Amino acid sequence: KYQSLLPSLVLLSAWIAFYRWQGFGAKGSYYFDPLHQPLDFFLILPERFFSAFAMQFNVLPLHLMDQFPVAVTLIGVAIFVLWLGFVIASKSKHAVFFLAAFAGAVLPVSAVLMQERNLLVAGFAGCGLQAVLLFKLWQLKALRFEYLAHLLVIFHLVLSAFILQPMSFAPYVLNKQAEKTAQ
């Protein structure tokens, strides 16, 4: 029954052996290698996992994590619970797939401090999840859901492009500590 997984497990095992043998992986206080530091990784996992949801699905600058880590994590928990509720209510196999893909992509990213570039791959699944939501809203054909679907499309296609430039200044405005460290 599970024989089809054997080639993937062989490749994964070979990669892990090579990874350890060559000493790959970043080391330091910002990175927790799940293979070498499993306890540290699992202790930081909830904060970073839910922060990824907060950063992926709202307009807050990522650099707020430095100043308000608990608030960002709680926002991430709320967003995760909302998406989980949607996935359960929609009974959509696509929604289950995209939520699982997002969560699966965020797990290895949780080993490092959250950065926009680290959420790129997870963002593909996030886009798929949002597409399923828009499709479900469109299927309802109720006027209030149609307005919500239009609002989501306008926000993600139009406003996000205009928000991008001010958001690029967030490290300078919000994270003076990083500037001091860099100097």
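**A residue and its surroundings**

Mentor: Let's begin with Ala-54, which lies in helix 2; here helices are DSSP runs of H or I with at least four residues, strands are runs of E with at least two, and both are numbered from the N terminus. Before going on, please keep in mind that this is a predicted model, in which local features need pLDDT of at least 70 and side-chain atom pairs count only at pLDDT 80 or more, while totals for chains, interfaces and linings use all residues. Residues are numbered from 1 along each chain as its sequence is written, and side-chain values use heavy atoms, with hydrogens and water left out.

Ala-54 has a relative accessibility of 1%, so it counts as buried (under 20% relative accessible area is buried, over 50% exposed and in between partly exposed, with a 1.4 Å probe and protein chains only). What does Ala-54 touch, leaving aside residues up to four places away in sequence? Its partners are Val-72, Ile-75, Gly-76 and Ile-79, where contact means heavy atoms within 4.5 Å. For Val-72, 18 residues apart from Ala-54 along the chain, the C-alpha separation is 6.3 Å.

That leads us to a pair of helices. Two packed helices are described by the angle between their axes and the distance between the axes. Helix 2 (residues 38-56) packs with helix 4 (residues 69-90) at about 70°, and the axes are 7 Å apart; axes are lines fitted to C-alpha atoms, for helices over the stretch in contact, and angles run from 0 to 180 degrees between N-to-C directions. Helix 2 and helix 4 are therefore roughly perpendicular (65 to 115 degrees; under 35 is roughly parallel, over 145 roughly antiparallel and the rest oblique). Their crossing is left-handed, meaning that the near helix is turned anticlockwise from the far one by less than a right angle, whereas clockwise would be right-handed. Helix 2 brings Ala-54 to this contact along with others, including Phe-50 and Phe-53, and helix 4 brings residues including Val-72, Ile-75 and Phe-80. By class, there are 12 nonpolar, 3 polar and 1 charged residues in this contact (Ala, Val, Leu, Ile, Met, Phe, Trp, Tyr, Cys and Pro are nonpolar, Asp, Glu, Lys and Arg charged, and the others, Gly among them, polar).

Ala-103 lies in helix 5 and, at 17% relative accessibility, counts as buried. Between helix 4 and helix 5 (93-109) is a loop that holds Lys-91. With 74% relative accessibility, Lys-91 counts as exposed, and its phi is positive, near 55°, in a residue other than glycine.

Helix 5 has a partner too. Its axis comes within 8 Å of the axis of helix 6, and they cross at roughly 160°. The two are therefore roughly antiparallel, and their crossing is left-handed. Among the residues making this contact are Phe-98 and Phe-102 of helix 5 and Gly-126 and Leu-129 of helix 6. Here the classes are 12 nonpolar, 4 polar and no charged.

Stepping back, the protein chain has 9 helices and 0 strands.
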